[in-house]
Amino acid sequence: MTRGRLPAVRTALLLAGLTVAHLGVTLFLESDLGSDPFNVLVQGLYRSIPWPERMSHGRVHLLVCLLIVLVLLGIARSYVRIGTVLCMALGGPIIDLWTIPLAPLFHDGMAMGWRLLALVLGCVILAFGMTIVIRSEAGTGPNDLVAVIISDFSKKPFGVVRVAVDAAFALAGWLLGGVVGLGTLVCAGLVGPCAQVFLPVSGRLCDACLRRAGEKNPR
């Protein structure tokens, strides 16, 4: 494979990571124990601002993502890549696809222990998929980019920064009227540290794929 096709390999790695990450998101959602921190923020904005009737939570989510991208284009343009757009566009459809096989496994009478297991497993899988997306270097979703950029600029560990960013999202959303649940707290405290563990693993995985594609020094 020629170097001219390496961007396609990076994009394929991003899509694989996105698929894995949103398996985790779907498990998180199906556990029905609360929203992730970023969606608590979106929910708070949706509830506190008098939007036109045609606006929905999903549209507000997209609008917030677009605003983040615009800000990042002004302060860290090189981080916004094609993968950023792919993450914004494909996240919802991938969740819908995962919901088809997973939804029958969950029901209203499901024991709390199983819900907690799905929640924790979802957060771990989300963290792993997210690190593949990051290490693909094809671009990262807007809300994840916030932590990536702060970590790179501050030279602080990504895991610590991710916990702080998630906590800030959740707090801001709660102050605006969003609902913070057990799942929110678990997600805020677990995804960052898991991602810190997975980053070197995902880096080696992506580097191996790129070397096989013909790039001698991926990083």
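The model is predicted.

**Helix pairs**

Two packed helices are described by the angle between their axes and the distance between the axes.

| Helix pair | Axis angle | Axis distance |
|---|---|---|
| H1 and H8 | about 155 degrees | 12 Å |
| H1 and H5 | roughly 165 degrees | within 7 Å |
| H2 and H7 | roughly 25 degrees | within 7 Å |

Helix H1 spans residues 6-31 and helix H8 spans residues 182-213. Their axes lie at about 155 degrees, and angles over 145 degrees count as roughly antiparallel, so H1 and H8 are placed in that class. The crossing of H1 and H8 is right-handed. On the H1 side the contact is made by Leu-6, Val-9, Arg-10, Leu-13 and Phe-28. The H8 residues they meet are Gly-183, Thr-184, Cys-187, Cys-206, Cys-209, Leu-210 and Ala-213. Sorted by class, this contact of H1 with H8 holds nine nonpolar, two polar and one charged residues.

H1 also packs with H5, where the axes cross at roughly 165 degrees. H1 and H5 are therefore roughly antiparallel as well. The crossing of H1 and H5 is left-handed. The contact between H1 and H5 comprises 19 nonpolar, six polar and four charged residues.

For H2 and H7 the axes cross at roughly 25 degrees, which means that H2 runs roughly parallel to H7. H2 passes H7 in a left-handed crossing. From H2, the residues Pro-37, Phe-38, Val-40, Leu-41 and Gly-44 take part. They meet Asp-166, Phe-169, Ala-170, Ala-172, Gly-173 and Trp-174 of H7. The classes in this contact of H2 with H7 are eight nonpolar, two polar and one charged.

**The nonpolar core**

Which residues touch the most other members of the largest nonpolar core? They are Phe-38, Phe-158 and Val-191, in a core of 38 residues. At least two residues of this core come from each of H1, H2 (37-48), H3 (57-75), H5 (112-136), H6 (142-154), H7 (158-175) and H8.

Phe-158 can be followed through its contacts. Apart from neighbours within four places in sequence, Phe-158 is in contact with Met-130, Ile-134, Ala-147, Val-148, Ser-151, Ala-195, Gln-196 and Leu-199.

**Individual residues**

Thr-26 is located in helix H1. Is Thr-26 buried or exposed? Its relative accessibility is 1%, so Thr-26 counts as buried. With residues up to four places away in sequence set aside, Thr-26 touches Ile-95, Trp-98, Thr-99 and Leu-102.

Tyr-79 sits in the loop between H3 and helix H4 (82-102). The C-alpha atoms of Tyr-79 and Gly-139 are 6.7 Å apart, while 60 residues separate the two in sequence. Not counting residues up to four places away in sequence, Tyr-79 touches Thr-84, Leu-145, Val-148, Ile-149, Asp-152 and Phe-153.

Leu-176 belongs to the loop between H7 and H8. Leu-176 is in contact with Leu-41, Gly-44, Leu-45 and Ser-48, leaving aside neighbours within four places in sequence. Leu-41 and Gly-44 also belong to the contact of H2 with H7. At 33% relative accessibility, Leu-176 counts as partly exposed.

Two loop residues stand out by backbone angle. Most residues other than glycine have a negative phi. Glu-137, which is not a glycine, has a positive phi of about 60 degrees. Glu-137 lies in the loop between H5 and H6, and its relative accessibility of 33% makes it partly exposed. Lys-155 has a phi near 65 degrees, again a positive value in a residue other than glycine. Its place is the loop between H6 and H7. Lys-155 has 73% relative accessibility and therefore counts as exposed.

Conventions: Residues numbered from 1 in each chain as written. Predicted model: local features only at pLDDT ≥ 70, side-chain atom pairs only at ≥ 80, totals over all residues. Heavy atoms only, no water. Axes fitted to C-alpha atoms, helices over the stretch in contact; angles between N-to-C directions. Helix = DSSP H or I, 4+ residues; strand = E, 2+ residues; numbered from the N terminus. Parallel < 35°, antiparallel > 145°, perpendicular 65-115°, else oblique. Left-handed = near helix turned anticlockwise from the far one by under 90°. Contact = heavy atoms within 4.5 Å. Nonpolar A, V, L, I, M, F, W, Y, C, P; charged D, E, K, R; others polar. Core = buried A, V, L, I, M, F, W, Y, C linked by side-chain atoms within 4.5 Å. Buried < 20%, exposed > 50% of the residue type's maximum accessible area, 1.4 Å probe, protein only.
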